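Biologist: Thanks for sitting down with me. Could we walk through this one together, question by question?

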Amino acid sequence: APALSIRDLRKTYDNGVEALKGVSLDVAPGDFYALLGPNGAGKSTLIGVTSSLVNKTAGEVRIFGVDIVADRDAAMRLIGLVPQEINFNMFEKPFDICVNYAGFYGVPREAAKARAEQVLKDAQLWDKADKMSRTLSGGMKRRLMIARAMMTSPRLLILDEPTAGVDIEIRRGMWKTLKEINASGTTIILTTHYLEEAENLCRNLAIIDKGRIVEQGPMKALLAKL
Ligand code: ADP
Ligand code: ADP
């Protein structure tokens with residue numbers, strides 16, 4: 001089954017805004033996939049529905065074949081989400097943030113500790129594991145968001161504008177971490193409004209505008225058209 005399969009997805013918010021007007025896409029297992037589009041296009045809504053934070057109005061969403069409504073808990077266990085805003089406690093240490101997060105998802109404590117070492121090393125944060133998170137640089141905080149999401153060993157990692165508003169040096173550090181996560185077998189989907197980011201990272205992408213997909217396919221084919 002595809003890592004993510006979306007069929008005719010529609011979302012109308014209570015205020016009448018039609019954020020998604022019939023979106024269909026498939027993301028293959030192992031892919032690195034970008035949802036590219038301007039502000040207000042519907043990218044966050046698409047990610048919100050996929051991660052069960054937003055209720056859909058119509059359509060179907062499956063994660064590795066698992067329906068997100070009929071089998072919500074099983075579907076959610078397959079994904080890791082990196083929200084746009086940094087939302088960990090600045091007065092906790094990266095190691096504890098990771099271990100406690102896994103505990104919340106039912107991972108036994110000893111396994112969580114071993115996993116925390118792994119994800120912090122992967123994110124080049126192991127030397128900061130016991131520092132107060134508040135003292136981390138902007139780039140390190142962003143990478144900690146990614147490391148924490150990896151604690152549950154998700155098969156599909158979803159990131160909402162992970163590099164919005166950060167400078168190019170920090171972005172490069174995040175790209176390296178994400179490329180390594182993808183190379184180790186995790187499917188990644190991210191939203192971005194930077195073409196450069198999609199170009200650098202992704203094999204396939206969809207361009208979304210005003211709630212509809214306007215282009216879809218391999219990055220190389222789309223670049224050839226521009
Ligand atoms: P993007 O992530 O591409 O910037 P969004 O999914 O955030 O786009 O927004 C798509 C549209 O839905 C926009 O017009 C936005 O104003 C609207 N929208 C987003 N969230 C809500 C909400 N909670 N209630 C009402 N309208 C919303
Ligand atoms: P990148 O994300 O590109 O790897 P960082 O933003 O993590 O870059 O910062 C690069 C280096 O600068 C780090 O190795 C770190 O030691 C140091 N540094 C930057 N800001 C801080 C800070 N607020 N506290 C401690 N070290 C910092």
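Modeller: Gladly! One definition first: Ala, Val, Leu, Ile, Met, Phe, Trp, Tyr, Cys and Pro count as nonpolar, Asp, Glu, Lys and Arg as charged, and the others, Gly among them, as polar. Please also keep in mind that this is a predicted model.

Biologist: With those classes, how many nonpolar, polar and charged residues does the shell around ligand 2 have?

Modeller: The residues around ligand 2 are Lys128, Thr135, Ser137, Gly139, Met140, Arg143, Glu169 and Ile170. Lys, Arg and Glu go with the charged class, Met and Ile with the nonpolar one, and Gly joins the polar class. The shell therefore has two nonpolar, three polar and three charged residues.

Biologist: Which helix gives the largest share of the shell around ligand 2?

Modeller: Two helices each supply at least two residues of that shell, α5 (138-149) and α6 (168-183). The largest share is three residues, and the helix it comes from is α5.

Biologist: Which residue has a side-chain N or O atom 2.7 Å from an oxygen atom of ligand 2?

Modeller: Threonine 135 uses a backbone N or O atom, 2.6 Å from a nitrogen atom of ligand 2. Serine 137 does use its side chain, but there the distance to a ligand oxygen is 2.8 Å. At 2.7 Å from an oxygen of ligand 2, the side-chain N or O atom belongs to arginine 143.

Biologist: And how much of the accessible area of ligand 2 does the protein cover?

Modeller: After those contacts, here is the area. On its own, ligand 2 has 560 Å² of accessible area. The share of this that the protein covers is 46%.

Biologist: Let's move to ligand 1. Which helix supplies the largest share of its shell?

Modeller: Ligand 1 is surrounded by Tyr13, Asn15, Val17, Ala19, Pro38, Asn39, Gly40, Ala41, Gly42, Lys43, Ser44 and Thr45. By class, that shell has five nonpolar, six polar and one charged residues. Its largest share is three residues, and they come from the helix spanning residues 43-50, α1.

Biologist: What share of the accessible area of ligand 1 does the protein cover?

Modeller: Contacts first: a polar side-chain atom of asparagine 15 lies 3.4 Å from a nitrogen of ligand 1. Oxygen atoms of the ligand are 2.7 Å from a polar backbone atom of glycine 40 and 2.9 Å from a side-chain N or O atom of lysine 43. Of the 560 Å² that ligand 1 has on its own, the protein covers 62%.

Biologist: Is lysine 43 buried or exposed?

Modeller: Lysine 43 lies in helix α1. Setting aside residues up to four places away in sequence, it touches Leu35, Leu36, Gly37, Pro38, Glu161, Thr191, Thr192 and Ile208. Its relative accessible area is 4%, and the limit for this class is under 20%, so lysine 43 is buried.

Biologist: Glutamate 161 is on that list. How accessible is glutamate 161, and in which class does that put it?

Modeller: Glutamate 161 sits in the loop between β7 (156-159) and α6. Its phi is near 45 degrees, a positive value in a residue other than glycine. Its relative accessibility is 6%, so glutamate 161 counts as buried.

Biologist: Which elements are included in what covers the buried residues of α3?

Modeller: In helix α3 (residues 94-104) the buried residues are Pro94, Phe95, Ile97, Cys98, Val99, Tyr101 and Ala102. Their cover includes α4 (109-122) and α5.

Biologist: Last one: how many residues does the largest nonpolar core have?

Modeller: Among the residues with the most contacts inside that core are Leu120, Leu144 and Met151. A separate core, of 29 residues, includes Leu35, Ile68, Leu78 and Ile189. The residue count of the largest core is 42.

Technical notes. Residues numbered from 1 in each chain as written. Chains lettered and ligands numbered in written order. Predicted model: local features only at pLDDT ≥ 70, side-chain atom pairs only at ≥ 80, totals over all residues. Heavy atoms only, no water. Near = heavy atom within 4 Å. Polar contact = N/O pair within 3.5 Å; in protein donor to acceptor, adjacent residues only side chain to side chain. Areas by Shrake-Rupley, 256 points an atom, 1.4 Å probe, with all protein chains shown as cover. Helix = DSSP H or I, 4+ residues; strand = E, 2+ residues; numbered from the N terminus. Core = buried A, V, L, I, M, F, W, Y, C linked by side-chain atoms within 4.5 Å. Buried < 20%, exposed > 50% of the residue type's maximum accessible area, 1.4 Å probe, protein only. Contact = heavy atoms within 4.5 Å.
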